[in-house]
Amino acid sequence: TVSVLYWLNVIRFMAGDELPSFYYQRDSDGRYRATHATVGPWSPKLQHGGPPCALLGRALEAEAAKAGLPFVARITFAFFRPVKVAARLEVEPRIVRAGTKIVHLEADLFGTVVPKSKDAAPPADAAKQSNSARVHLMRATAVASRAAPVATLPDPPKELHLSPPKPADSVATFEDLKLVGYGASMDFRLVKAVDDYLGNGPTESWSKVLVGLVDGDGKPLSPLERTLAFVDSAGGFSNYIPMDEYSFVNTDTTVHLLRPMKGEWCCMRAR
């Protein structure tokens, strides 16, 4: 069941709080502060899995580019704990091993919950408490490689020809989710399903991220960041058990990329 606090958060959002134009703000110390655009559907205190995945992907993509091997071909996220909206986040990327053709990378996400009031007095041993409150939330591992043009290949099967949805051929979905931050930050479009809404079987849906990732970046989300912001929604689009009776969490999420991506829209076929 969804808490009363959650619905109070929904009412607050409906009452006029504007959707932030980005998921995170970066503080002067390099840590990240989440906006309510990250709030997921389960609790107003918790982020949806998409924005933190995109934040880690951003760091890994930058490290891969520094190594001269910019194409992230595979990335896996392990979720150790829920990511709280109130947490100050730290991203620590590193190269595990770099070769001439591929590079192995990792990035960790840590969180520290700060006091609610800026005027609150620090504890007697503030430094010790700050260190003990730093929690390991996620780890991402990735493999990146070079990307180069190749000779013309045979056309892929017809079912793999994809194009962004046209309004006449798609249905806006998760309208209730648009009452909270993450849902409002996405344009969800359902193309195929076993019924008129979200089904008990294979579903094809498209999404477009409507906000930026980090305030002050001065650039739009990369195609990889857009994909990672969306991929954690697979279970919500195609579910075989009633989501109002059962809940579950992803222990990890893995994305394999066959080629560099282009454009703003991301398609997901879930089952």
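Predicted model: local features only at pLDDT ≥ 70, side-chain atom pairs only at ≥ 80, totals over all residues.
**Salt bridges**

The structure holds 11 salt bridges.

| Pair | Closest N to O distance |
|---|---|
| E92 and R134 | 2.5 Å |
| R94 and E106 | 2.8 Å |

Take E92 and R134, which form a salt bridge. E92 sits in strand β4 (residues 87-98) and R134 in the loop between α3 (126-132) and β6 (135-145), so this pair ties together parts 42 residues apart in sequence. E92 is partly exposed at 34% relative accessible area, and R134 is partly exposed too, at 31%.

R94 pairs with E106. That bridge links distant parts of the chain, with R94 in strand β4 and E106 in strand β5 (residues 102-113), 12 residues apart.

E63 and K66 stay within helix α2 (residues 50-66), three residues apart, so about one helical turn separates them. E63 counts as buried at 15%, whereas K66 is exposed at 67%.

There's also a network of salt bridges linking D27, D29, R31, R33 and R88.

**Cysteines**

The disulfide count is zero. For C266, the closest cysteine sulfur belongs to C267 and is 7.2 Å away, which is too far for a bond because a disulfide needs the sulfurs within 2.5 Å. C266 is buried at 15% relative accessible area, and C53 is buried at 0%.

**Buried spots**

S185 lies in the loop between α4 (181-184) and β8 (186-192), and it is buried at 0%. Beyond its neighbours within four places in sequence, its contacts include L19, Y23, A37 and K208.

Helix α5 (residues 223-231) is mostly covered, with eight of its nine residues buried, among them L224, L228 and F230.

How values were computed: Residues numbered from 1 in each chain as written. Heavy atoms only, no water. Buried < 20%, exposed > 50% of the residue type's maximum accessible area, 1.4 Å probe, protein only. Helix = DSSP H or I, 4+ residues; strand = E, 2+ residues; numbered from the N terminus. Contact = heavy atoms within 4.5 Å. Salt bridge = Lys/Arg side-chain N within 4 Å of Asp/Glu carboxyl O.
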